[in-house]
Amino acid sequence: MSDGVDLGRRRFLGAATGVTSAIGIGFVAVPFLSSWKPSARAQALGAPVEVDISKLDDGALMRVEWRGKPIWVLKRTPEMIERVEQADPMVRDPMSEEPQQPEYASGRLRSIRPEVLVVIGSCTHLGCSPSPRFDVGAEDLGGADWPGGFFCACHGSKFDLAGRVWRGVPAPLNLVVPPHKYVDDATILVGEDEGVA
Ligand code: FES
């Protein structure tokens with residue numbers, strides 16, 4: 001496994017918060033999703049999930065679960081945002097015009113706030129879980145043309161730091177942005193998007 005993968009994984013923070021009505025919502029810095037599950041009742045109801053991003057470092061990724069799906073929250077640095085712009089020629093739907101997501105996820109950065117990307121961490125080909133590969137210029141992913149992003153090892157699909165799918169890979173669509181909104185500066189509610197902050 002390359003150093004790049006390791007670097008990506010070191011930044012791949014796991015975190016969990018409670019559902020909307022839960023008490024004691026907090027950030028749990030555990031490395032893998034499997035270490036946290038919402039209650040069975042919350043899962044059954046598909047309740048919205050509050051995500052506390054107050055401790056999310058610049059350049060770091062955390063994930064939570066909503067309706068049984070992995071939700072990724074990436075805090076992009078200004079440099080990462082620049083690299084999204086640079087990836088425009090390499091991606092299939094640069095302005096995210098496919099009607100696969102909430103309106104606020106269209107455009108290049110696909111996010112309500114430029115620095116915070118929220119996507120469902122499932123490959124749009126056959127549903128494997130891509131890996132974070134933030135190592136710019138990774139030789140196995142295209143060398144100098146690789147701006148950092150996500151790689152699905154199942155069949156070789158690539159996505160940039162906005163979840164935009166590469167041209168010429170099996171995955172047909174960008175990573176899906178789930179409905180979400182900001183409850184306050186440091187809290188995202190995944191599963192509802194009324195009253196976008
Ligand atoms: S499931 Fe990701 S490339 Fe096939």
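Predicted model: local features only at pLDDT ≥ 70, side-chain atom pairs only at ≥ 80, totals over all residues.

Me: How many disulfides does the structure hold?

Reply: One. Cys128 and Cys154 form that disulfide, with their sulfur atoms 2.0 Å apart.

Me: Where do Cys128 and Cys154 sit in the chain?

Reply: Both are in loops. Cys128 is in the loop between S5 and S6, and Cys154 is in the loop between S7 and S8. They are 26 residues apart, and the pair links distant parts of the chain.

Me: What's the handedness of the disulfide between Cys128 and Cys154?

Reply: Left-handed, because the torsion about the S-S bond is about -90°.

Me: How accessible are Cys128 and Cys154?

Reply: Cys128 is partly exposed, at 22% relative accessibility. Cys154 is partly exposed too, with a relative accessible area of 41%.

Me: OK, step back. What does the secondary structure of the chain come to?

Reply: Three helices and 10 strands. From the N terminus, the order is α-β-α-β-β-β-α-β-β-β-β-β-β.

Me: What share of the residues is buried?

Reply: 52% of the 197 residues in the chain. The accessible surface is about 9,000 Å². Carbon and sulfur atoms hold 53% of that surface.

Me: What about contacts between residues 24 or more positions apart?

Reply: They account for 56% of the contacts in the chain with a separation of 6 or more.

Me: Now strand S5. How many of its residues are buried?

Reply: Five of five. S5 covers residues 116-120.

Me: Which residues are on which side of S5?

Reply: Val116, Val118 and Ile120 are on one side. Leu117 and Val119 are on the other. All of these are buried, and both faces of S5 are covered.

Me: Why two sides at all?

Reply: Because side chains in a regular strand alternate between the two faces of the sheet.

Me: How is S4 joined to S5?

Reply: By five bridges. S4 is residues 69-75, and the two strands run antiparallel. Trp72 stands opposite Val119 in S5.

Me: Trp72 again: which aromatic cluster is it in?

Reply: Trp72 forms one aromatic cluster with Phe134 and Phe150.

Me: How many aromatic pairs does the structure hold?

Reply: Three. One of them is Trp146 with Trp166, a tilted pair. The centres are 5.3 Å apart, with 50° between the planes.

Me: What does the pair of Trp146 and Trp166 tie together?

Reply: Parts that are 20 residues apart in sequence, because the two tryptophans lie in separate loops. Trp146 is in the loop between S6 (131-133) and S7 (149-152). Trp166 is in the loop between S8 (157-160) and S9 (180-184).

Me: Are Trp146 and Trp166 buried or exposed?

Reply: Both are buried.

Me: Switching to charges. What does the charged end of Arg113 sit over?

Reply: The ring of Tyr182. The charged end of Arg113 is 3.7 Å from the centre of that ring.

Me: Backbone next. What is the phi of Ser96?

Reply: Positive, about 50°, although Ser96 is not a glycine. Arg110 has a positive phi as well, near 60°.

Me: Where are Ser96 and Arg110?

Reply: Ser96 is in the loop between helix H3 (78-86) and S5. Arg110 is also in the loop between H3 and S5.

Me: Are they buried or exposed?

Reply: Buried. Ser96 has a relative accessible area of 1%. Arg110 also counts as buried, at 1% relative accessibility.

Terms used
Residues numbered from 1 in each chain as written. Heavy atoms only, no water. Helix = DSSP H or I, 4+ residues; strand = E, 2+ residues; numbered from the N terminus. Buried < 20%, exposed > 50% of the residue type's maximum accessible area, 1.4 Å probe, protein only. Contact = heavy atoms within 4.5 Å. Areas by Shrake-Rupley, 256 points an atom, 1.4 Å probe, with all protein chains shown as cover. Pairing = 2+ DSSP bridges. Phe/Tyr/Trp six-rings, centres within 6.5 Å; stacked < 30°, edge-to-face > 60°. Lys NZ or Arg CZ within 6 Å of the ring centre and 35° of its normal. Disulfide = S-S within 2.5 Å.
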